[in-house]
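Let's take a walk through a structure together.

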Amino acid sequence: MIKLVNVSKSYLKNFKILSGINLYIEAGEFVSLVGQSGSGKTSLVKLLIGEEKVDDGRVIIGDWDITKISRREIPYLRRQIGVIFQDFKLLPQKTLWENVAFALEVCGQPQSKIDKVVLSVMRLVGLEDKKNRYPHEVSGGEQQRAAIARALVHQPKILLADEPTGNLDSINANEIIDLLLRINNFGTTVILVTHNREIVNQLKRRVIAIEKGCVVSDKEKGKYLL
Amino acid sequence: MFLSLMRIIKFSLQDISRNIWLTIATITILVLALLSVNTLLTVEVLSRHAIDAVKEKIDISLYLKVDASEEQITSLKTQISQMSKVKQVLYTSKADALRYFREKNKDNPEVLTALRELGRNPLSPSLVIAPNNVEEAPQLINEIKQIDSNIIESRDFADNTVILEKINDITKKISEVGLFIIMIFVFTSMLVAYNSIKVAIYTHRREIEIMRLVGASNSFIYLPFVLSAIIYALVSVVIIVIIFYPFLGILQPYLEVFFMDYNINIINYFLDNFWIIFGLQFLSVSIISVLSSWLAIRRYAKV
C-alpha cells in the first residue's frame, strides 16, 4: 500500500513541482502515472524511493512513514522498491548476469543465494540464454529486461518503472509491458511512469494524470487524456 | 561479514587499479611528507645526543692546594654539597689524579717519561662539582666564586652553557622550520588524497548510483574508498621504510666520525623504535587520508 497525504515539493522558491498530492495505491495494483515532461512524475518517483524529501505532507509505504526517513534506513527502503529507468542503468563492463548479481553482492548476500536468485529472475525475464552477454551485445529491450531482473532480486513489494519504454521500439516496448503485467500478476505493485499514450490506452488499468504538480485525474481503467 | 569485507577489499583494489596514475601521484606525495618527517626526526635525535654530550661536560672543577689537609678538603666538600644547586661533589685526591693522568696518557711515552723525571706528583687534588640543573650552572658558578677558602688554588669555570644554548637554539629553529614543512606536506597530502578519492568516486559514479538504487548499505558504498585511503597510507609507509634505512646506512659512518667519542647509532635508534616511529606514522597518514576521503565521499558520493 502506498499513501501520499497532501504532499508538496519545491526545488525553487515560489515554484512547487508537486502541490497537495493525495494518492492511495492498493497493494498489488498496476497504476500508470502519466503527464507531460516537467509535470512532476519523476519527482514523485524520487520521493517514493527516498531520494528526495517532501516539503509538506506524508508518504507512507506499507506501515512505514518514510517522510522522515533517516539516511541509514534508505537502503532498506530501496530493497523493498525495485526501480527501472529509461536508460537501463546497467554497468557496461559487467555481463547481464553480473549486473543482476551486483545488486545482491553489494547488499552482502552469500554467493549461493546470489546464484539461485539470479538464475530465477533471469529465467523470469527470459534472459537465461544471454546471461553471459555484455549490455552492448544485446538489444535495448533485453537490456531493459536485465534491469527489471536486477530490480526484482530483492523480491520487492513495489516496482517503479520510470519511462521504461522510452528508448525502445514498439515491439520491445510491448514485451516490457507484458513482463511488467506478469510481475504484477505475482502480486507486486507496479507503478508505470510514462507519457506513452498508446501503451496506457492498451493497458486499461488505473491511470493517474499529473499536470503542473497536481493530480488532475485518477480513473480506474482509465485512458491517457492529457 | 567476512564476505562483505572481501567484497569491500575487491572494490577497493578495483579503485586503485583503475586509477593507477592517480594512486602513484598520491603515494608519492605521502612518501615525500613522510620523508620530511623522518628527516626532521633524525635531526632531532642527533641534536638530542649532541646536547646530552655537552651536558655531560658541564661541571665545575676546583683545584686545591697541594698541602691542603684531608680535614680541610672534607670540610669544603661538605660545604659545597649542601648548596641547593649542587647535584654531587667528587673528590679526586693527588694520588687519584696521578693515576687518571697516567691512564689517560698510557699511549704517550714522552709524557710518562717527563713525569718520571720530575720525581714527584705535580698534580693538585680537586673537587668536581656537578650542577643539579644545567640551566642553573651560571648561578652556581657565582656562588662558588664567593666561597672564601684558603685551600682553593684555582677555579675552572669553562662555560659550556653557551654551547648548550647555541645547540638548543639551533635545534629549536630546525624544529620550527621542520614543523612548518610538515604542516605544508600534511595540507598537500590532504588535498591530494581528497582529490584522488574524488576522481575515484567520479570513475565509479555509475556503480555508486546503482549501488544506492539497489539498496547497498551506506557503509558498503563508502568503505572501499576509505580502505583505498588506508592502502595509500600503508604503501607509503612501506616505501619510506625501504628507502629510509639505506639512507641511514649512508649517514651512519659520517655520524661515527662526527660524534667520535659518543656512541651514536642512528640505525639502531630507528630499529629499536621501529613500531613506535613507523606505526605512528602509518596511523597519522591513515587518519589524514581517511579524513580527506570521508570529506570527498560526503561531498561527491552523497552517501
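This is a predicted model: local features need pLDDT of at least 70, side-chain atom pairs count only at pLDDT 80 or more; totals for chains, interfaces and linings use all residues.

Strand E4 (residues 56-61) and E5(A) are joined by two bridges, and they run antiparallel. Look for Ile61(A) there: the residue standing opposite, in E5(A), is Trp64(A). These strands belong to an open sheet of four, ordered E2-E1-E4-E5 in chain A, with antiparallel pairing. At its edges you'll find strand E2 (15-25) and strand E5 (64-65), and each has a single partner strand, so one side of each is left without a neighbour in the sheet.

How does a sheet hold its strands side by side? Strands pair through backbone hydrogen bonds, and they can do that either parallel or antiparallel.

Next, find the other sheet of chain A. What is the order of its strands? This open sheet has six of them, arranged E6-E7-E8-E3-E9-E10, and the pairing is mixed. Here strand E6 (81-85) and strand E10 (214-219) take the edges; with a single partner strand each, they both have one side left without a neighbour in the sheet. If you look along the sheet, neighbouring strands are turned by 15° against each other on average, ignoring direction.

Zoom in on two of those strands. E7 (residues 158-162) and E8 (residues 189-194) of chain A run parallel, and five bridges join them. Take Ala161(A): its bridge partner in E8(A) is Leu192(A). Helices come into the picture as well. Helix H1 (residues 41-48) of chain A packs on the sheet, where it touches strand E3 (30-34), E6, E7, E8 and strand E9 (206-211), and its direction makes about 150° with that of E7(A). Helix H6 (residues 170-185) of chain A lies across E3, E7 and E8, running at about 155° to E8(A).

Time to look at the nonpolar residues. The largest nonpolar core has 111 residues, and of these Val100(A) and Leu160(A) touch the most other members. Which element gives the most to this core? That's helix H9 (residues 218-258) of chain B, with 13 residues. From chain A, the core draws at least three residues from each of domain 1 (1-80 + 156-226) and domain 2 (90-155). Now click on Leu160(A): leaving aside neighbours within four places in sequence, its contacts are Val45(A), Leu48(A), Ile49(A), Ile81(A), Gly82(A), Val83(A) and Ile191(A). Apart from this core lies another one, of 11 residues, including Leu64(B), Ile80(B), Leu127(B) and Leu140(B).

Where do the two chains meet? The contact takes 18 residues from chain A and 15 residues from chain B. On the side of chain A that touches chain B, helix H2 (74-78) and helix H3 (96-105) are the elements that give two or more residues. Sorted by class, that side has nine nonpolar, two polar and seven charged residues.

Finally, step back and take each chain as a whole. Chain A comes to seven helices and 10 strands, while chain B has 11 helices and four strands. Of the 226 residues of chain A, 43% count as buried; of the 303 residues of chain B, 25% do.

Note on methods: Residues are numbered from 1 along each chain as its sequence is written. Chains are lettered from A and ligands numbered from 1 in the order in which they are written. A nonpolar core is a set of buried Ala, Val, Leu, Ile, Met, Phe, Trp, Tyr and Cys residues joined through C-beta atoms within 7 Å. A residue is buried if 20 or more other C-beta atoms lie within 10 Å of its own, exposed if 12 or fewer, and partly exposed in between; C-beta atoms are placed from the backbone. Domain bounds come from an automatic or database domain assignment. Two residues are in contact if their C-beta atoms, placed from the backbone, lie within 7 Å. Ala, Val, Leu, Ile, Met, Phe, Trp, Tyr, Cys and Pro count as nonpolar, Asp, Glu, Lys and Arg as charged, and the others, Gly among them, as polar. Two strands pair if DSSP finds at least two bridges between them. Axes are lines fitted to C-alpha atoms, for helices over the stretch in contact, and angles run from 0 to 180 degrees between N-to-C directions.
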